[in-house]
Amino acid sequence: MKEGSSRVFVEARHLGKQVKTRDGVLTLLHDINFAIEAGTSLAILGTSGSGKTTLLGLLAGLDLPTEGEVILEGYRLNAFDEDGRAQLRAERVGFVFQNFQLLPGLTAVENVMLPLELARAAQPRQTAEQILGRVGLAERFRHYPNQLSGGEQQRCAIARAFATQPRCLFADEPTGNLDSETGKQIIELLFELNAELGTTLIMATHDPLLSQLCQQRLYLAAGRLVEPEAMVPHD
């Protein structure tokens with residue numbers, strides 16, 4: 001199932017996604033083609049509804065395309081069932097969501113321990129505490145998500161995503177629910193950890209500051225890749 005070795009980490013080939021609605025078939029993505037090399041950073045830009053989150057989910061193997069395919073580190077995701085894709089993600093991928101998606105019944109350290117335990121890592125609590133300290137939450141190990149600020153929750157989510165030292169980190173609007181100053185701190189943290197671990201970083205964002213820090217940028221409008229000048233101005 002694995003193709004020849006290459007510096008390319010993620011590749012989209014003629015990627016398309018359609019969903020059925022009451023009014024007929026809705027096209028979310030159409031004929032998306034690009035590749036990103038391992039260890040580099042990519043920003044996927046577009047207004048709300050442009051298809052950024054849908055594309056990110058397909059690249060991470062959270063969903064399957066209607067057309068085309070995704071190649072993740074040489075593996076054709078279409079060739080795997082749901083369990084197989086989950087295993088690939090556990091071994092290679094981290095994900096940071098805009099709304100954090102921390103489990104409310106677990107403390108900060110327990111949230112970060114979860115992927116480590118699923119990966120059967122040695123000393124999951126020690127590793128979780130170390131990376132929480134790295135993101136500035138050394139005093140918040142035992143706090144539950146509702147006891148953390150928005151910025152602290154996102155730091156915890158980033159710690160969870162990086163805990164297993166993934167080969168690739170996907171981030172969906174990682175600063176979208178944060179004020180500008182907290183957003184800047186989160187951006188700095190993401191790129192610091194990215195540099196330390198050599199992780200491939202792929203982010204969906206409308207934040208121009210965040211996008212300019214990335215080595216590559218893709219622009220989406222109405223589910224299609226476009227040139228920057230074709231983008232609809234942001235609100």
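**Entry 1. Glu 69 and its surroundings**

Which residues is Glu 69 in contact with, leaving aside its neighbours within four places in sequence? I looked this up and found Glu 11, Ala 12, Arg 13, Leu 15, Arg 76 and Asn 78, where contact means heavy atoms within 4.5 Å.

I note for all entries that this is a predicted model, in which local features need pLDDT of at least 70, side-chain atom pairs count only at pLDDT 80 or more, and totals for chains, interfaces and linings use all residues. Residues are numbered from 1 along each chain as its sequence is written, and side-chain values use heavy atoms, with hydrogens and water left out.

I placed Glu 69 in strand β4, residues 67–72. Helices (H or I, at least four residues) and strands (E, at least two) are DSSP runs, numbered from the N terminus. Glu 69 has a relative accessible area of 14% and is therefore buried. The classes I use are buried for under 20% relative accessible area, exposed for over 50%, and partly exposed in between, with a 1.4 Å probe and protein chains only.

I then examined the side chain of Glu 69 and found a polar contact with the side chain of Arg 76 at 2.9 Å. A polar contact is a pair of N or O atoms within 3.5 Å; within protein, one must be able to donate a hydrogen and the other to accept it, and residues adjacent in sequence count only if both atoms are side-chain atoms.

**Entry 2. Salt bridges**

I applied the criterion of a side-chain nitrogen of Lys or Arg within 4 Å of a carboxyl oxygen of Asp or Glu. The count by this rule is twelve salt bridges. Side chains of opposite charge can pair when their charged atoms come close.

Arg 76 and Glu 69 form one of these, with the closest N and O atoms 2.9 Å apart. Arg 76 is partly exposed, at 32% relative accessibility.

I next recorded the salt bridge of Glu 196 with Arg 134, whose closest N and O atoms are 2.7 Å apart. Because Glu 196 lies in helix α6 and Arg 134 in helix α4, the pair ties together parts that are 62 residues apart in sequence. Glu 196 is exposed, with a relative accessible area of 51%, whereas Arg 134 is partly exposed at 30%.

Arg 140 forms a salt bridge with Glu 152, and here the closest N and O atoms are 3.1 Å apart. This pair links distant parts of the chain, twelve residues apart: Arg 140 is in the loop between α4 and α5, and Glu 152 is in helix α5. Arg 140 is partly exposed, with a relative accessible area of 23%.

I also traced a network in which salt bridges that share partners join Glu 11, Arg 13, Glu 69 and Arg 76.

**Entry 3. Nonpolar cores**

I searched for nonpolar cores, that is, sets of buried Ala, Val, Leu, Ile, Met, Phe, Trp, Tyr and Cys residues joined through side-chain atoms within 4.5 Å. In soluble globular proteins, nonpolar side chains tend to be buried together.

The largest core has 38 residues, and Val 112, Leu 132, Ile 158 and Met 203 have the most contacts inside it. At least two residues of this core come from each of β3 (41–45), α3 (108–118), α4 (124–134), α5 (150–162), β7 (168–172), α6 (180–197) and β8 (200–205). Another core lies apart from it and has 30 residues, including Ala 12, Ala 38, Val 70 and Leu 218.

For Ile 158, not counting residues up to four places away in sequence, I listed Val 96, Ile 186, Leu 189, Leu 190 and Leu 193 as the residues touched.

What encloses helix α1 (residues 52–59)? Six of its eight residues are buried, so the helix is largely enclosed by the rest of the structure. The buried residues are Lys 52, Leu 55, Leu 56, Gly 57, Leu 58 and Leu 59. Just after α1, I noted a positive phi of about 80 degrees at Gly 61.

In helix α2 (residues 82–92) I inspected Arg 92. Arg 92 is buried, at 12% relative accessible area. Not counting residues up to four places away in sequence, Arg 92 touches Glu 73, Tyr 75, Pro 166, Arg 167 and Cys 168.

**Entry 4. An exposed loop residue**

Arg 120 is in the loop between α3 and α4, and at 77% relative accessibility I class Arg 120 as exposed.
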